[in-house]
Amino acid sequence: MLRSITSRWTTTAAAAVCVALAAFLAVTALGVGRHHTRPTASAPYTLTPFATYEARAPHVLSSTVINSAQGAVQGAAATPPSVLPPLQASAFNGPTAQYRAYAVRQLGLMESQVRRLQNALAANDRTGAQEAWRAAYARYLRLGAVYLVGPLSTLNQAIDGNAGSLPGGTASPQFTGLHRIEYGLWTSAQPHTLLSQARLLNLNVHRLRGVVGKISIEPLEYATRAHEILEDAARDLLSGADVPWSEEGVLATNAGLQATEEVMATLRPLLTGRENTIPIVKTELATLRSVIASLAAAHGGSLPSNTQLTQAQAELLDGTLGGALEALSQVPGSLETELPPQIPQIPRRDVRIEP
Amino acid sequence: MSELDRRTFLTRSAVLLGAGGVGGAGAIVRAATKTEAAAAVPTEPSAAQEWSVSQAQLAQREPFDGPHQAGILTPAPAQATFAALDSLAPDRKTLEEALRALSLRARELTDGTPTPLLEVDDPPADSGILGPLNDPDVLTVTIAFGASLFDQRYGLASQRPRELIEMPTFSVDDLDPAQSHGDLLLQICAHQRDTVVHTLRELLRTVRGSLQLRWNIDGFSGAARGPSPHNSPRNLFAFRDGTANPPTSDAALMNKLVWVADGEPAWATGGTYQVARIIRQHVEFWDRVGLNEQENMIGRVRTSGAPLGGTTEFEEPRYDIDPHGKRIPLDAHIRLANPRTPATEDQRILRRGFNYTRGFDAAGQLDQGLMFVAFNQSPERQFATIQQRLSAEPMIDYITPVGGGYFFAPPGARDESDWVGSGLFAAA
């Protein structure tokens, strides 16, 4: 989690398609299409999915919709440009400030959870330590939308780094933090031997809390995180890749969902009136929330590990998460702060074609 | 039908009739019927023409012997499998015998010989899944050694190629030990899937008890879908892959970039370092990224493969007149991988990767990606340098290298009396 992602200016093809379609239909209705007049795209519009999938898969557009929109915009095979008017970058100041304050609060809560972890380790209490680890780990994942890049990426690695990217793997001295403790608690290490690791974790979390309130979050990075927090869940957590010993992917996904909901709450004022994103995302996140709740209910009130899920439960969770991600992937395109720049052509006279 | 195809066909028919007259005759009758049916639609290729094409392809042969091993400069065919093996041989003599047998059997299979028959109460000497004749089908078997083969077990340490080390863990990696490294790597390539499947099975049988599977992955090439026959096939991010490969027809360039130079043990002359990496591509995530961002991450137009701002695949990206990345971002994949400056000319590598797909992971996500293969003269100067540059590319969020290794592909066998690796054992 918390990986650096390139800043982006994304067009959402679906949005552009729909604008273009609306324009195309309007133009066609007026009968001007026959005169080869190119329509000018204009807002507002709604997504036009396959009718039967509308409730669950608004991102699925029929080829008729796509073809007619492309034909209306630029001719065959052309990709429609984004036409949503860009937002002011300053519009993100409020949402990111809210999220930073939220992140500081999460780290404060995490510090007390790590202290609980230290106490359990000192008492050599594996069950108690695993319980405290779960709470601290889930809390850290609530930071989801904070980009820890540059010097902070080292701190993030120390808190939440995986063994796989280190020379020597689990034997590397650089393997520290939550996953180092996870490794010890879910294998044969004596819990009390992990105490020094927990102290180091506490120190690093405290350090991070001191700086996280001041870090800058770029608007487009923030908009992108709306879908990337849960992309991490699909890529690294439910697969067990990032939690190979505890397999606590469902817990981690739930934390990612909570972080995503926090991001979406701060973005709501910006998204209002831009495409149809809010209701679609709201529906999908609510479905995911209820699925996770049903899994906890089926497992005696606590979230099961990845390996405790039955096949039917795993399919339900994976599929629902996928649906939520498809909806969330529309968010960045709805929140562009600049139009994609025109790419200058390579000068023709210098073109060298190789065989 | 060419002379070669005709001969193959007749041989096949004769063997079939000999083995079981009814089945053989039936096959020929079916072929004739298809020909008549197809004749009614003259614009479509006839069944006979299609049969002829597939027979011609199956009959194509890529010689096993030569100064360099096959499967390196050979154009990548449609199908591949990569198998890393560990040696169980208790001593050097046993290992040597296993490697000799490996070359012998690989040569037979690439030549395309009839499957030998033993007495009926013995298990057949060949699994027979390709029928009574093992068509060559442009089969190549490339044998390479891992660094661990040069440990203390077999007394080969003094002859280890200078840069052959266990593949380092790069910052983007999440290596699974069970899919990484190995004493040997077999790269098996052919046009048809069944040829590859058969070859792996036969080669493993040949060395059973001495060399054991460590990891295995199947690969495939995107079909040549044009617009011209020269256009590169696509990877699973939908972008063309291999566009900037150095031309294999340029022998002088291959001597600079692929085949090892002075400073290596004498036996290694004519060999090359093979970097093999299993790179998972998170395709669902990729599909949720806007086209502009995809193209900026790669630096190329997705449809044509042209550098951004260009129109055709093989156009020069002209970084020299775009120093600030206005056209192609400075951290675009193609720009970091090959900056096209005089200083980076000798860092270029010969890529020969294959796409892979192997089911899905525990989170229901497709397990797809690239079996990345690079041949280079010096992994330190070439592959690792490029990899360091790529460590900060935006694309790293969408990929996870999970396995593979560094290997050394020795020179080819001289002739039928020789075998791949003989020089090493003679020298050590």
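A residue is buried if 20 or more other C-beta atoms lie within 10 Å of its own, exposed if 12 or fewer, and partly exposed in between, with C-beta atoms placed from the backbone. I wrote that down before anything else.

**Ground rules.** This is a predicted model, where local features need pLDDT of at least 70, side-chain atom pairs count only at pLDDT 80 or more, and totals for chains, interfaces and linings use all residues. Residues are numbered from 1 along each chain as its sequence is written, while chains are lettered from A and ligands numbered from 1 in the order in which they are written.

**B:Leu204.** Is this residue buried or exposed, or partly exposed? I found 17 C-beta neighbours inside 10 Å, so B:Leu204 counts as partly exposed. It sits in helix 5 (residues 193-206) of chain B; helices here are DSSP runs of H or I with at least four residues, strands are runs of E with at least two, and both are numbered from the N terminus. I also looked at B:Val283, 79 residues from B:Leu204 along the chain, and their C-alpha atoms are separated by 33 Å.

**Strand 5 of chain B.** Which strands does it pair with (pairing takes at least two DSSP bridges between two strands)? One is strand 9 (residues 399-409) of chain B, antiparallel to strand 5 and joined to it by 10 bridges. There I spotted B:Gln281 standing opposite B:Ile399. Another is strand 8 (residues 366-376) of chain B, also antiparallel, over 9 bridges. B:Ala276 has B:Val373 as its bridge partner in that strand.

**Chain A.** I counted 12 helices and 0 strands. Of its 355 residues, 47% count as buried. Two residues are in contact if their C-beta atoms, placed from the backbone, lie within 7 Å. Among chain A contacts between residues at least 6 apart in sequence, 75% join residues at least 24 apart.

**Helices 3 and 9 of chain A.** Helix 3 (residues 93-122) packs against helix 9 (residues 249-271) at about 160 degrees, axes 9 Å apart. Axes are lines fitted to C-alpha atoms, for helices over the stretch in contact, and angles run from 0 to 180 degrees between N-to-C directions. Residues making the contact include A:Tyr99 and A:Tyr102 of helix 3 and A:Val263 and A:Leu267 of helix 9.

Note on methods: Two strands pair if DSSP finds at least two bridges between them.
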